[in-house]
2 protein chains.
Amino acid sequence: MNTISKAAAIGGGVIGAGWVARLLLNGIDVSIFDPDPEATRKVSEVMKGARRAYKQMVPGGLPKEGKLTYAKTIAEAVADADFIQESVPERLDLKHKVLAEIDMHAPANAIIGSSTSGIKPSDMQVAMKNHPERLVVGHPFNPVYLLPIVEIVGGIKTFPEAIEVAKEIYSSIGMKPVVIRKEIEAFVGDRLLEAAWREALWLIKDGICSVEELDDIMRYGFGLRWAQMGMFQVYRIAGGEAGMRHFMAQFGPCLQWPWTKLMDVPEFNDELVDLIAGQSDDQSSKWSIRELEKIRDDNLVAIMDALSKQNKGKGWGAGALYKDYTKQLAALAKPKVSKAAEKAKASKPVKKALKKAPAKKKG
Amino acid sequence: MNTISKAAAIGGGVIGAGWVARLLLNGIDVSIFDPDPEATRKVSEVMKGARRAYKQMVPGGLPKEGKLTYAKTIAEAVADADFIQESVPERLDLKHKVLAEIDMHAPANAIIGSSTSGIKPSDMQVAMKNHPERLVVGHPFNPVYLLPIVEIVGGIKTFPEAIEVAKEIYSSIGMKPVVIRKEIEAFVGDRLLEAAWREALWLIKDGICSVEELDDIMRYGFGLRWAQMGMFQVYRIAGGEAGMRHFMAQFGPCLQWPWTKLMDVPEFNDELVDLIAGQSDDQSSKWSIRELEKIRDDNLVAIMDALSKQNKGKGWGAGALYKDYTKQLAALAKPKVSKAAEKAKASKPVKKALKKAPAKKKG
């Protein structure tokens, strides 16, 4: 049930390579462009980690991997792609340059997703002369090959149909798309992360706790809640039999208490970087980054697998999705129809939806 | 290896009853005082949920439950307790009244833990005329019987030895104590939660997403990361081979971007409460609070159990603790020494540590 048969990845850093891994492991061919001379090595390291995790997820055998091609130019990479994911560094001028080039050379009906974690799609699509209406932000979280969430954001010029097709595409590779209702910088996930990060920097700077202690407070505490319910559903329960209204009446006033470093951001200087990097070494230098990645991936697979057995066997949250996704991968490993027939059928929705795209635009 | 044999709980709300459940299920007798005429029913409901979760955790049989006694006064509840946990509503005047009474009637060597989620221990212990040096904040997270974290905070008058004994006590009932280094309002966990909550209220109020979408972004995304590593260890990995310093250099400048509603808190009015409560109903009203509690508890047990098998079988984070805790409970179910001998031995550390308490105070 892939809705794409050929994808392009522009940028092969941690995020770009994560996309490549997810696509290839779903049997989709990917053409990648990254000018970094180290790109091949970096992508293949991420691929190795992803393959390892997927083997645990689908022990019965994975689908035949898609073919990875290194293109020499953006034009070459996107030439015959159904779907292009852009993951270049977060500078608006660079995004403009790259998106203009993608737009110029990609098939008119190809959907373009940007991995930006903060820039508004409206600010990016101004650089696209041909078909800005098919640009969406498709913002993933690291590791892209395991974490299901993808925030979809449309800009002023984005057609609603492009958002629908993007949802289908991301869903088809096991992801959970959430469409953000109004375009703002940093969308939703990173706004929450940034708020917590800012507060965390204060806590470390002021010597209230170390980075390890802060991490422990998360992973032995509310992190376990947030992995399966979010903030609001958890608080609904905390309200007890009286529910959400009771919770808000009880805790609303806290907003006005002198409880957080509301008004300011910590000065970001060498001293703060040294403090945090040093404490991070104390916490984690016994593991290499590669080892930490493996531990993280094993943990993520184990958590999603555990959640897939909850809720009377139907699975819960990321576990319900994981259940469907691993089933889908297993089925893909034993195809019942010919690959060609499947491809022909699968690539239709993208083309159809964009062909009938009306003049109505998304605000 | 209990270090306490008799505990008292003052306050039997969601948090107080959670403490009662954790203590009873560890075979510790508890005397509770709560003036609420509904207290018996509420505590027994929480106890039912906790018992259900613990049966999943230790399928081979649980320790003999401690005995629960409802006391008519605080004096009666604390009279012969080794350890007292106070969980009354968050009003300083009430905390003063209750702590003064506990202090007056509790054995001189009993440790007193307060469940307050925000009030500084120094501000509370001023009301204690006899032994303010044995007051610590022991701030848990809901559900107390499952989430291991407890933040320990000492006040100006708290003896360092009291903190050590509190750590032992909380550890002995399967918890992960983290001692906060400097006393501030709301400590660490709630500072982070409050920062995220404030940002979340803006996102809902501004119509960027619904409460369900926000929750999904957490539980299909970074919540899965935070359940097993914290924020800093995750970002260390995101820095790639260059680690934490690289991550900070890359993302530090974001602090200055117009990315969060830094300077203000949303106006907390009926409109906002209605908006959020309504969306929460859309998301969750298909489940009763009791059903949601069961789902949450099942998920938490499943996640901790899954993590207990990671890291080459040694367990990881909350899973490593869970492994030890469930082993301990199973062993407690089949005691090798007589209960009396065990009690006599176990209650020593509390008494000894406080007896030799020097004049030195914690800043």
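The UniProt record, an unreviewed entry, places the feature "binding site" at G11(A), G12(A), G13(A), V14(A), I15(A) and G16(A); UniProt positions follow the numbering used here, feature names are shortened, and annotations may be inferred rather than shown by experiment. The model is predicted, with local features requiring pLDDT of at least 70 and side-chain atom pairs pLDDT 80 or more, while totals for chains, interfaces and linings use all residues. Residues are numbered from 1 along each chain as written, chains are lettered from A and ligands numbered from 1 in the order written, and side-chain values use heavy atoms, leaving out hydrogens and water.

G11(A) lies in the loop between β1 (6-10) and α1 (14-25) of chain A (helices, H or I, at least four residues, and strands, E, at least two, are DSSP runs numbered from the N terminus). Not counting residues up to four places away in sequence, G13(A) touches G18(A) and D34(A) (contact: heavy atoms within 4.5 Å), and the contacts of G11(A) include I32(A), F33(A) and D34(A).

β1(A) pairs in the parallel sense with β2 (residues 29-33) of chain A over five bridges (pairing requires at least two DSSP bridges). Within β2(A), I32(A) is the bridge partner of A9(A).
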